Amino acid sequence: MELKTIIEKAWENRELLKEKDTEIAIKTVIADLDAGSIRVAEPLEDGNWQVNDWVKKAVILYFPIQKMQTIEVGPFEFHDKMALKTNYAKQGVRVVPHAVARYGAHLAPGVVMMPSYVNIGAFVDSGTMVDTWATVGSCAQVGKNVHLSGGVGLGGVLEPVQAAPVIVEDGAFIGSRAIVVEGVRIGKEAVLGAGVTLTASSKIIDVTGNKPVEYKGYVPPRSVVIPGSIPKEFAAGTFQVPCALIIGQRKASTDLKTSLNDALRENNVAV
């Protein structure tokens with residue numbers, strides 16, 4: 001509560017960034033984020049998520065108190081305000097060259113990072129695979145045993161501070177080149193097909209019943225989702241715009257570590 005009070009005061013009065021106590025408080029929050037002892041957003045017992053606005057404020061305030069520096073890693077050189085994450089062996093994280101995570105992002109034991117990127121404020125839980133060229137944006141929350149396939153993009157969010165981050169819950173499988181942004185939440189063990197794009201305004205339509213059921217910003221648990229399109233009226237005429245289609249549920253016969261192709265075949269989708 002003391003940290004929160006200091007951060008909130010500095011948010012309202014940026015002159016306080018010059019004070020030592022404020023600097024220590026901000027750096028303490030970033031260290032706690034790195035260690036996973038606090039989170040930008042956290043699951044509640046009722047299944048909903050709580051966004052900790054003040055933690056996001058600390059991340060934003062961390063930038064102006066940091067100075068640009070040259071970071072040399074072997075033959076590679078970077079020039080930035082943020083340090084890179086270190087001590088992977090101690091944390092039990094496998095990091096394949098050229099994977100990069102920023103200090104202030106939490107990677108739990110058992111995480112595997114192929115050549116990929118995890119930004120400050122993100123939380124990646126145990127057993128998750130961040131595959132080649134996948135990006136976990138600032139403050140994104142990724143659960144246990146998630147597979148982020150090659151080229152997946154999870155959007156970051158810092159401002160507005162009340163905005164929810166992207167959330168991918170336990171056991172989800174995100175197909176190659178899928179994009180999830182603007183605080184969209186993917187339910188437990190859901191499967192997103194390759195190329196699915198979800199924004200806060202994307203229509204996510206369940207077509208498994210007699211009538212379509214529409215969602216926005218949320219994919220229910222165990223849903224199998226593929227790209228789709230729907231007609232929309234414009235001044236120039238009727239055109240097809242992107243949407244996402246829930247075409248079935250992940251079945252018990254499909255192992256939690258199934259391939260995306262297996263999940264789609266079970267729902268009679270050509271692969």
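Let's start at Phe76, which lies in strand 4 (residues 76-80). Strands here are DSSP runs of type E with at least two residues, numbered from the N terminus. Before going on, note that this is a predicted model, where local features need pLDDT of at least 70 and side-chain atom pairs count only at pLDDT 80 or more, while totals for chains, interfaces and linings use all residues. Residues are numbered from 1 along each chain as its sequence is written, and side-chain values use heavy atoms, with hydrogens and water left out.

Strand 4 runs antiparallel to strand 3 (residues 69-73), and five bridges join them; two strands pair if DSSP finds at least two bridges between them. Within this pairing, Glu72 has Glu77 as its bridge partner in strand 4. The two strands make a hairpin with two residues between them, and Gly74 in the turn shows a positive phi of about 60°.

Back to Phe76: its relative accessible area is 41%, so Phe76 is partly exposed (buried is under 20%, exposed over 50%, partly exposed in between, with a 1.4 Å probe and protein chains only). Together with Val73 and Phe78, Phe76 makes a nonpolar surface patch of about 250 Å². Patch residues have over 30% relative accessible area and no salt bridge, with nonpolar side chains (Val, Leu, Ile, Met, Phe, Trp, Tyr) joined within 5 Å and like charges within 9 Å. A salt bridge would be a side-chain nitrogen of Lys or Arg within 4 Å of a carboxyl oxygen of Asp or Glu, and the areas come from the Shrake-Rupley method with a 1.4 Å probe.

Next, the open sheet: six strands in the order 6-9-12-15-18-21, with parallel pairing. Strand 6 (100-101) and strand 21 (197-198) are the edges, each pairing on one side only. Strand 21 is joined to strand 18 (residues 179-180) by two bridges, and Ile179 stands opposite Thr197.

Now for the rings. A search of the whole structure turns up two aromatic pairs. In one of them, Tyr215 and Tyr218 have ring centres 6.4 Å apart and planes at 70°, so the pair is edge-to-face (centres of Phe, Tyr or six-membered Trp rings within 6.5 Å; planes under 30 degrees apart are stacked, over 60 edge-to-face, the rest tilted). Tyr215 is partly exposed at 26%, and Tyr218 is partly exposed at 26%.

Charges sit over rings too: Arg14 over the face of Trp11, at 4.4 Å from the ring centre, and the charged end of Arg39 over Phe123, at 3.6 Å from the centre. The test is NZ of Lys or CZ of Arg within 6 Å of the ring centre and within 35 degrees of the ring normal.

How values were computed:
Helix = DSSP H or I, 4+ residues; strand = E, 2+ residues; numbered from the N terminus.
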